[in-house]
Amino acid sequence: MRLLIIGAGFAGMYAALSAARLRDIQGVSPDDLQIALIAPQPTLVIRPRLYEPKPETLTAPLLDVLEAIDVDYIQGSAETIDAKAQTVQIATARGRKMLSYDRLVVATGSRLFRPNIPGLAEHGFSVDSLDDAIALDKHLHGLAGRPAVNGRDTVVVAGGGFTGIEAATELPARLRQILGKDSEARVIIVERNSAVAPDMGEGPRPVIEKALRELGVETRLGAGVASLDKSGVTLSTGEHIETETVVWAAGIRAAPLTAQIPAERDNFGRLLVDRDLRVPAIPSVFATGDAARAACDDDGNYALMSCQHATRMGAFAGNNAAAELLGVATRPYHQKAYVTCLDLGEAGALFTRGWERAVELVGDVAKKTKREINTVWIYPPRAERAAALASADPERVTSL
């Protein structure tokens, strides 16, 4: 029997750990249930930290962890899924290869949504992927060698949601470090809604707005980006802002591979799944993390596209896919606890609890929690078999 997992992000990593854990509990050998993870590199990109400096350091190796738990790593990029034939075609350095499966876990994550705005592809940056973040960091450092004219010291962040706020509040310190402490660095958030952090609600917003004021981050609300060119960015209001740096942070979608599964999807491209994280129309396929729209509870709350949900969803998906092959009961996914921890740069951080996002911690105290999340909690377990398997109990993964 073979269980294939596509993706080495948070959901894919925990799917592998959890499936291996259940196999170990059931006393089944790796020869009788092969668990394999497909990804271009055996590396976890710490995506929630890509707004930080030195993004090239924000990865964690997975090969030793996978070897410790007897999960096979298959290097390659999944290109096609044939759900009827139960095969996945991957592209490798040596050509294309076809793999069969008995159960498949789609943990392909998400991608930044880049609309067809004139000049965005040519002149926009992002912190969506490791390569994107490295390109932005290189560009920012390159500004120091240019004349301080034509908006060199101005950065426009398109999108005032979670990613946009974290990027924008980190940028003043990054720009001063690169351009000099006396530089007139200017950061502007452009947000189509009438307020920043539109999804956060009224409770946390005053904390965020206060942080933006303290850091000198400007906002343009009720406005979108109409076009970009070498001179800067033109907004839907007609305002033109001279800048050499536009960071696009306005929405994400499920990775395109999910479209190959002949099943229902939501507006974000996520596959609709049942409480076991199974795609109902195709029982051999499970979807998890940013690839799945899953109910967290019985109160109408659905998992968000975040590593907090992806880790726990991955653990349930991996467990349940393995459980079906091993003939044991599945465990319905649930995640009633929900927190947010928003980095606010030198202004500290914001920690909320519950779907109503009640503010619990702010400032330096919240920043300490954010650092612990970013540098400890979201990293892979150590490459020691017992510890790695123990970390993947679906009922205990994540949820602060």
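Predicted model: local features only at pLDDT ≥ 70, side-chain atom pairs only at ≥ 80, totals over all residues.
A residue counts as buried when its relative accessible area is under 20%, as exposed when that area is over 50%, and as partly exposed in between. V247 has a relative accessible area of 1%, so V247 is buried.

The overall picture comes before the single residues. The chain contains nine helices and 25 strands. Its radius of gyration is 22 Å, close to the 21 Å given by the globule rule for 400 residues, so the chain is as compact as a globular protein of that length. Along the principal axes, the C-alpha atoms fill a box of roughly 65 × 45 × 40 Å. Of the 400 residues, 53% count as buried. Among contacts with a separation of 6 or more, 65% are made by residues 24 or more positions apart.

Leaving out residues up to four places away in sequence, V157 touches G164, A168, L171, V187, I188, I189, V190, V247 and A249.

One of those partners is V247, the residue of the opening paragraph. V247 belongs to strand β18, which covers residues 245–248. Beyond four places in sequence, V247 is in contact with F125, S126, L136, V155, V156, V157 and A158. The C-alpha atoms of V247 and G159 are 8.6 Å apart, although 88 residues separate the two along the chain.

Is T154 buried or exposed? Its relative accessible area is 8%, so T154 is buried. Apart from neighbours within four places in sequence, T154 contacts R186, I188, I241, E242, T243, E244 and T245.

P394 is found in the segment after α9 (385–390). With a relative accessible area of 0%, P394 is buried. Residues touched by P394, not counting those up to four places away in sequence, are S18, R21, R312, A315, F316, N319 and R331. P394 and V157 are 237 residues apart along the chain, and their C-alpha atoms are separated by 37 Å.

Helix α7 spans residues 307–326 and holds E324. The relative accessible area of E324 is 24%, so this residue is partly exposed. E324 touches R103, R278, P283, F286 and T330, again without residues up to four places away in sequence.

D132 lies in helix α4, residues 130–142. At a relative accessible area of 22%, D132 is partly exposed. Its contacts beyond four places in sequence are with R114 and S126. S126 is also touched by V247. D132 and K97 are 35 residues apart along the chain, and 28 Å separates their C-alpha atoms.

Two loop residues call for a look at the backbone. K54 is not a glycine, yet its phi is positive, at about 50 degrees. K54 sits in the loop between β3 (43–45) and β4 (59–61). With 55% relative accessibility, K54 counts as exposed. D70 likewise is a residue other than glycine with a positive phi, near 60 degrees. D70 lies in the loop between α2 (63–68) and β5 (72–75). The relative accessible area of D70 is 34%, so D70 is partly exposed.

Key:
Residues numbered from 1 in each chain as written. Heavy atoms only, no water. Helix = DSSP H or I, 4+ residues; strand = E, 2+ residues; numbered from the N terminus. Rg over C-alpha atoms; globule rule 2.2 N^0.38 Å. Buried < 20%, exposed > 50% of the residue type's maximum accessible area, 1.4 Å probe, protein only. Contact = heavy atoms within 4.5 Å.
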